[in-house]
Amino acid sequence: MLPSSAPPKLTALDIYQEQMKERNIKTEAYSSLKIGLFGVGLEAYWEQFEGLKERLEGYVSEVENKLRALHPQVVNLGLIDTPDKAFAAGHTFRQGDVDLIFLYVTTYALSSTILPVVQRAKVPVIILNLSPEAAIDYAAFNQMSNRVKMTGEWLAFCSTCPVPEIANVFSRTGIQFHQITGLLHQDEECWTEVSEWVEAAKVAHIMFHNRLGCMGHYYSGMLDIYTDLTQQYAHFGGHMEMIEVEELATFRKKVTDTEIQTRVELFYEAFAVQPDCSVEELQRAARTSIALDRLVAKYQLGSLAYYYKGTGNFDNEDTISSIILGNSLLTAHGVPVAGEYEIKNAQAMKIMDSFNAGGSFTEYYAMDYNADVVLMGHDGPGHMAIAEGKIKVRPLQVYHGKVGKGLSVEMSVKNGPVTLLSVVEKMDGKLLLLVAEAESVPGPILEIGNTNSRYRFSLGARKFVQTWNSYGPAHHCAVGIGHIASKIKKLGALLNMEVVQV
């Protein structure tokens with residue numbers, strides 16, 4: 001008998017990723033998104049047209065199966081065909097804590113059998129106007145000898161008929177709604193729309209339950225990043241925890257030498273540590289990284305914004321000047337970290353990360369008019385999961401404009417489609433989502449120990465910069481991979497926020 005092979009030894013990075021995964025599962029366990037679904041019809045039809053009800057119920061079940069393939073928690077209330085059932089359905093959805101309702105219009109239905117459902121549930125509603133086939137088989141239909149059966153067959157294709165009535169009543173009663181028009185089967189455009197609404201609802205749900213840590217204070221004089229925290233609550237929900245830097249410094253004192261050595265091993269696995277990085281600086285960064293993990297665990301943080309001068313207190317300065325590698329690890333594992341206490345951008349980064357697009361801290365660096373690209377990046381944490389190759393770790397003698405020196409990260413975002421997102425605070429205090437799609441392109445970057453990339457925009461570098469700036473965003477934004485502007489627009493619709501695409 002051949003001896004069984006031993007399982008492969010887990011690396012320090014494997015262990016860290018598993019720990020972060022378990023933490024994220026525990027954090028999100030209490031807040032799983034629930035999707036509501038109901039079909040509509042007219043009770044008077046069922047006795048008149050044999051088999052119609054069962055046929056339409058089958059269609060609703062098919063929609064349920066397609067939704068469950070996107071998200072497992074679906075509350076399907078079947079066909080609602082009377083006002084009494086509508087009131088009961090509204091209560092059921094509300095008691096079931098659904099976050100989003102798909103209203104599947106299977107055939108003609110009275111608006112009085114629909115309005116109470118969404119009025120009571122008080123959540124966004126998506127109207128599904130889906131035909132079972134691309135067209136009625138006119139020849140076969142017109143050859144039917146029984147006109148009652150002909151009418152029943154027509155009613156099975158009648159989903160589009162009551163949609164104007166529903167839209168009219170929703171509009172006049174102040175109910176926001178969105179429409180998807182297409183086919184029940186073999187309609188990629190239609191079901192991509194459904195998928196994006198589900199994704200957007202997940203992100204809205206994540207943002208509502210997110211705990212954002214605010215550690216330290218604003219970068220003095222950087223007026224564009226100041227924000228009204230209550231407006232952040234008003235638009236996104238969630239919770240903000242005010243955290244003292246001293247608490248992180250205290251956690252550092254309890255880190256053991258063995259833990260530091262393991263974290264340094266993780267650094268070498270996760271990053272491309274450059275030869276000129278000293279052991280002492282790696283150990284200092286490792287101590288802070290472990291302390292950060294404990295701080296995040298204590299407050300169950302899903303994101304973090306920080307900045308601290310740290311002068312006059314050695315422990316605080318030692319902590320803040322060794323924070324970049326730990327922040328980069330967190331950012332790549334579901335806890336995006338924004339420097340310079342940029343709370344708005346921590347929100348933007350969390351949105352991008354929740355769409356599985358990444359979400360790395362960035363700003364204008366320079367313009368390359370010869371190549372017609374904008375160079376963008378930032379010092380501090382980088383999102384290693386969206387980097388082009390391994391992130392390099394380099395020692396810096398100064399953190400420009402900041403106290404201290406230490407290790408920093410240098411990376412470019414993966415070449416290919418990217419999306420930029422900024423949470424903009426307007427003069428009236430309300431927030432808007434400013435979004436742009438671009439391409440991350442290869443080429444020379446500034447090898448200064450910061451994240452930086454080259455982005456090409458369809459309207460050209462000059463026009464992009466002028467247009468983007470015209471909406472008054474802060475100088476920071478979040479960048480993620482893929483073109484996801486359509487998803488962000490849906491998120492804005494669910495959150496009742498203005499969205500502008502440049």
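What we have is a predicted model, where local features need pLDDT of at least 70, side-chain atom pairs count only at pLDDT 80 or more, and totals for chains, interfaces and linings use all residues. Residues are numbered from 1 along each chain as its sequence is written, and side-chain values use heavy atoms, with hydrogens and water left out.

Let's start with strand β16, residues 431-441. Strands (E, at least two residues) and helices (H or I, at least four) are DSSP runs, numbered from the N terminus. Is β16 enclosed or open, and why? Nine of its 11 residues are buried, so β16 is largely enclosed by the rest of the structure; buried means under 20% relative accessible area, with a 1.4 Å probe and protein chains only.

Who are its partners? Two strands pair if DSSP finds at least two bridges between them. Strand β15 (residues 416-425) runs antiparallel to β16, joined by 10 bridges, and Thr 419 has Glu 437 as its bridge partner. The two form a hairpin with five residues between them, and Gly 429 in the turn has a positive phi of about 90°. Strand β19 (residues 498-501) pairs with β16 in the parallel sense over four bridges, with Val 435 opposite Gln 501. Strand β17 (residues 451-456) is antiparallel to β16, with three bridges, and there Glu 439 stands opposite Arg 456.

Now the helices. The axes of α10 (residues 229-236) and α16 (residues 343-354) come within 11 Å and cross at roughly 20°; axes are lines fitted to C-alpha atoms, for helices over the stretch in contact, and angles run from 0 to 180 degrees between N-to-C directions. The contact (heavy atoms within 4.5 Å) includes Phe 236 of α10 and Ile 351 of α16.

Methods:
Buried < 20%, exposed > 50% of the residue type's maximum accessible area, 1.4 Å probe, protein only.
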